[in-house]
Amino acid sequence: MKKLKGILFFSLALMMMIALLPGCGSGEKVVVYNWGDYIDPDVIDMFEEETGIEVVYEMYETNEAMYTKLKNSNNNYDVIIPSDYMIERLIKEGELEEINFKNVPNFEANIDKEYKNPAFDPENKYSVPYTWGTLGILYNTKKVKETPDSWGVFWNSKYKGRIIMMNSQRDAIGMALKYMGKSLNETDRGALDAAKNKLIEMTPLASGWYVDEVKDKMIGGEADLALVYAGDAVYCISQNKDLAYAIPKEGTNIFYDSMCIPKGAKNKENAEKFIDFMCRPDIQAKNAEYIGYSSPSTPARELMGDAGKDPTAYPDITKYDLEFFSALDDGTKEYYNKIWTEIRSSR
Amino acid sequence: MKKTICMIPLYVWTLVFILVPLAIVIYYAFISDPHGDASFSLDGFRDFFSNPVFAEVLLRSLKIAFISTLVCILLGYPAAYFLARSKSRFKFVVIILMLLPMWINFLIRTYSWLSLLEKTGLISTLLTYMGFGPVDFTGTEFAVILVSVYDFLPFMIMPIYITLLKLDQSHLDAAADLGANPAKVFFKITLPFSVPGILSGVAMVFVPSVTTFAISQTVGNGKFPLIGDLIQEQYMVVSNWQFGGAISIVTMAVVLLLMYFINRTDSDENGGGILQ
């Protein structure tokens, strides 16, 4: 018995040591948790050089993956960059800190009015827009002769094995809902089941399900059609001139990805410095040019020249039926999870 | 007393990295709403058995793991046999070359296969040059099995090789002297002697290839959902730990049962399998 106690004590001590490890190290730092492939690495270096604050940078692939990691972390993150509907959910759950906008003067000065006070954060207390964009179809003009102006192209057996679907719950299900003339935020179980069946029906036509890898595949000509965010389309088109981007007539999603500070962040002031830095026109422009996503800042776009007027990144949004994702109630969210698991388990 | 002290690291390791995580998985599998009232529930298991698609995913994983293991035995046994029998000075070079890829990270090795197998990849380009291409090998069962075999083959060769090293040459000589032809010597002496090695190899190849998820997500193009993908998604994306835990337990139970039967068929004659 004594032996067992000793073992227990030792292992507890070991676990405590492991838990303390991330707290080590000296000096100022800020822990940024962002999407994969979603920042110009030079910008991080510039921030570190100007402020002397060390940036610890981590990445995720989808809003849902970020949420799970955030919920199970021990206040490890200082800046996160989720999308609109995820911000709405985090605000509802009390998971975000109010930003002290006195420390973020560049927000007031440089971010365009139409990107302030969005529906998911109506008083603009918790979020600062990082980029925005649309969801659409990236296609290879050499292989797809007609402009894919309908989501129906993903169900066209002519393109069997040439289609890349997005391995992201809301985007894939939302696309199927839009195709059926429903809302992106459908809660009706019947409509969701129909969307599920639509996607299962499409699965044999898909060459693969990806998030970040879609760029390499499309640039390399591994597939002809893909469901992508406009920002990724901008990057792909810059690398392969045969590619083009289309927004289907059934309408699509418009999204904002905004910088937020999670509740209990250990380096809140540094987080605000980082957010402010990212709103500076020169930094916004440099970053937007690198990642391809659309900047919410006119002063930045002016610095970007032609890239600031690219219709893929900056479409005339009055021409399309664009809808935001909104946060789902718990029951519907679970239903989304259920049908998503069924979709991804079928082939 | 000294022996007990030496064993402490092993006990601690087992406790912290095997028993505690296992307990956590089991706890979440049987608890609904862990952040709320945390009551006992079998919903995770009910979900698993309520839709045949999940059992299908498990069966697909078992099938792929079974084929990969079989191919590993067919390729690995002769390799281990000739290595063990060989007196060549270059034997250790061959062994090093075989183990060399294992020093590279598993994910990098798996990703590298993409550049070989995809439509614009090396193999397809060569085939196109010869007038057969282009061929896209990714997103097929073949690709998943091929890369599983590649990743796990050394784990089959090494235990068989080590078992065969212990085989005393005099046994073989004696059998030959008593009139057994080489085939008979092999089937009557060498093969039975090496069964424990094969069983260890099977355990080290079959179990990880049932639960792999990186391989199906890369060369399988993410459209080849295996049980590992399903579990990973429940924990990392959907955050349904109850369902994830339930799938893990069902998978563990099936694999343990299979390993038990594989080991039992042999236990009458030999000992030394990894689960005995």
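Author: A:D37 forms a salt bridge with A:K215, their closest N and O atoms being 3.1 Å apart, where a salt bridge is a side-chain nitrogen of Lys or Arg within 4 Å of a carboxyl oxygen of Asp or Glu. Between domain 1 and domain 2 of chain A the count is one salt bridge. This is a predicted model, in which local features need pLDDT of at least 70 and side-chain atom pairs count only at pLDDT 80 or more, while totals for chains, interfaces and linings use all residues. Residues are numbered from 1 along each chain as its sequence is written, chains are lettered from A in the order in which they are written, and side-chain values use heavy atoms, with hydrogens and water left out.

The domain assignment of chain A (its bounds come from an automatic or database assignment) gives domain 1 as 27-132 + 256-318 and domain 2 as 133-254 + 320-345. The contact (heavy atoms within 4.5 Å) takes 25 residues from domain 1 of chain A and 28 residues from domain 2 of chain A.

The area buried between these domains of chain A, that is, the accessible area (1.4 Å probe) that two parts lose on being put together, summed over both, is about 2100 Å², and carbon and sulfur atoms give 58% of that area. On the side of domain 1 of chain A, the residues A:Y85, A:Y293 and A:T312 supply 26% of the area buried against domain 2 of chain A, more than any other three residues.
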